[in-house]
Amino acid sequence: MPRAFLVVMDSVGAGGAPDAGEFFNGDIPDTGANTLAHIARACAAGQAEQGRSGPLALPNLDALGLGAAVRLASGDETPGLAARPQGLWGAATEVSRGKDTPSGHWELAGVPVPWEWHYFTDPVDSFPADLVAEVCRLAGTEEILGNCHASGTEIIARLGEEHIRTGWPICYTSADSVFQIAAHEEHFGLHRLHALCEALAPRLHEMRVGRVIARPFTGGLGDFRRTPNRHDYAIAPPAPTLLDWAQDAGHQTHAVGKIGDIFSMRGVGELHKGPDDAALMTHLHRLVAEAPDGALVFANFVEFDSLWGHRRDVAGYARALEWFDTEAGRLIAALRPGDLMIFTADHGNDPTWTGGDHTRERVPVIGAGQGLRPIGQVAYADVAASIAAHLGLTPQGPGRSFL
């Protein structure tokens, strides 16, 4: 029985979204954003030399069709990514009205988002008074700190000492549909932070806020550090997803990285987490070697987005892509006959773009195990339908198989 591996390179977009002009970073529309093409251009121009050098080198992913997928998605040139495709290749367009993690992943798993997300749009005093009062009640504190748009590392550096002194949780948001709470693991308590986020999540989900995120940190003044004990309390998908289809049919399902959080553990048989993408890659190598026939493995590699895209670090993003490509070559070489491995993304986060938000883009869809198979322009939901067909499942929802 064949196996399937769906690997999401978080934010590795390919440009060309037809509705990019309806999405913004500040006052600037996302029209023209292209994560992969712009990184490739910067590398070719010698503008991404920190820790690496020269044109973007992704020989394994490009051999499948990565550069061709970007050119199909957007028409943009991709210096360094010029291989003739040898694998499954195409580009996917999202229909959900969001450029965020849950929207992209749910739709890739066969369930477009049927509602508009709620966003906290005010950069300061971001949260309504009744919500602040509820956080204080649940936390047992007089006030909260933050109440603004912020970077997670910046806000703990700025408010960490006051948090320790007062015991008040640090609450902040971003351009995404999120409510984030940062607290010190020792002074506030990790269990207390998770319990607070879990108790608050139903209220935020009723508002159509996608995630309540616990952001624990440790350390002292001048040396506050976020820890790997983050936990996302995400709203549940509104319908069964690819994970549910597989699990209900008796297939083993494995979630690597954020997948368990994104899908509220629905359809997840075994969860594999780690402190960074390198640890997650170790899990994925092991699953390629050991997962039984018929297994579905769904993996997310978040650091493209969290460490490099939001911080607009082109060289860091390029280094991460080149590291990933080397690992992808090893993964592909270890596949069994009949396996399917698809590499794709959930949205864009162009590190050359203005602002620090995601960018609305099409995404590449490239795969190993099917030989040369150009699939053209497809929908996100077609990825789920195709993996379902590969596993012998009956797909649900709007997707159509491209296999």
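Hello everyone, and let me start with a term: a contact means heavy atoms within 4.5 Å. With that in hand, residues 24 or more positions apart account for 69% of the contacts in this chain with a separation of 6 or more.

A word on ground rules. This is a predicted model, where local features need pLDDT of at least 70, side-chain atom pairs count only at pLDDT 80 or more, and totals for chains, interfaces and linings use all residues. Residues are numbered from 1 along each chain as its sequence is written, and side-chain values use heavy atoms, leaving out hydrogens and water.

Now the overall picture. The chain has 13 helices and 16 strands; these are DSSP runs numbered from the N terminus, with at least four residues (H or I) for a helix and at least two (E) for a strand. Its radius of gyration is 21 Å, close to the 22 Å that the globule rule gives for 403 residues, so the chain is as compact as a globular protein of that length. That radius is taken over C-alpha atoms, and the rule is 2.2 Å times the number of residues to the power 0.38. Along its principal axes, the C-alpha trace spans about 60 × 50 × 35 Å.

How much of the chain is buried? Buried residues make up 59% of the 403, where buried means under 20% relative accessible area, exposed over 50%, and partly exposed in between, with a 1.4 Å probe and protein chains only.

Let's visit helix H3, residues 66-74. Its buried residues include Leu66, Gly67 and Val70. What do the buried residues of H3 pack against? Their partners are helices H1 (35-44) and H2 (59-64), together with strands E4 (88-93), E15 (363-368) and E16 (373-379). Just after H3 comes Gly75, with a positive phi of about 80°.

That brings me to backbone angles. Most residues other than glycine have a negative phi, and most peptide bonds are trans. Ser264 is not a glycine, yet has a positive phi of about 50°. You'll find Ser264 in the loop between helix H9 (259-262) and strand E12 (270-272), partly exposed at 30% relative accessible area. Arg312, also not a glycine, has a positive phi of about 55°. Arg312 sits in the loop between helix H11 (303-309) and helix H12 (314-334), and counts as buried at 18% relative accessibility.

Ser11 is buried, at 0% relative accessibility. Leaving aside neighbours within four places in sequence, its contacts include Thr35, Phe304, Tyr317 and His347.

In strand E7, residues 178-184, please find Ala182. Ala182 is buried, with a relative accessible area of 1%. Ala182 and Ala214 are 32 residues apart in sequence and 6.2 Å apart in space, C-alpha to C-alpha. Not counting residues up to four places away, Ala182 touches several others, among them Ile156, His163, Tyr172 and Phe217.

Last stop, the cysteines. How many disulfides are there? The count comes to 0, taking a disulfide as a pair of cysteine sulfur atoms within 2.5 Å. For Cys197, the closest cysteine sulfur is in Cys171, 8.2 Å away, which is too far for a bond. Cys197 is buried at 0% relative accessibility, and Cys43 is buried as well, at 1% relative accessible area.
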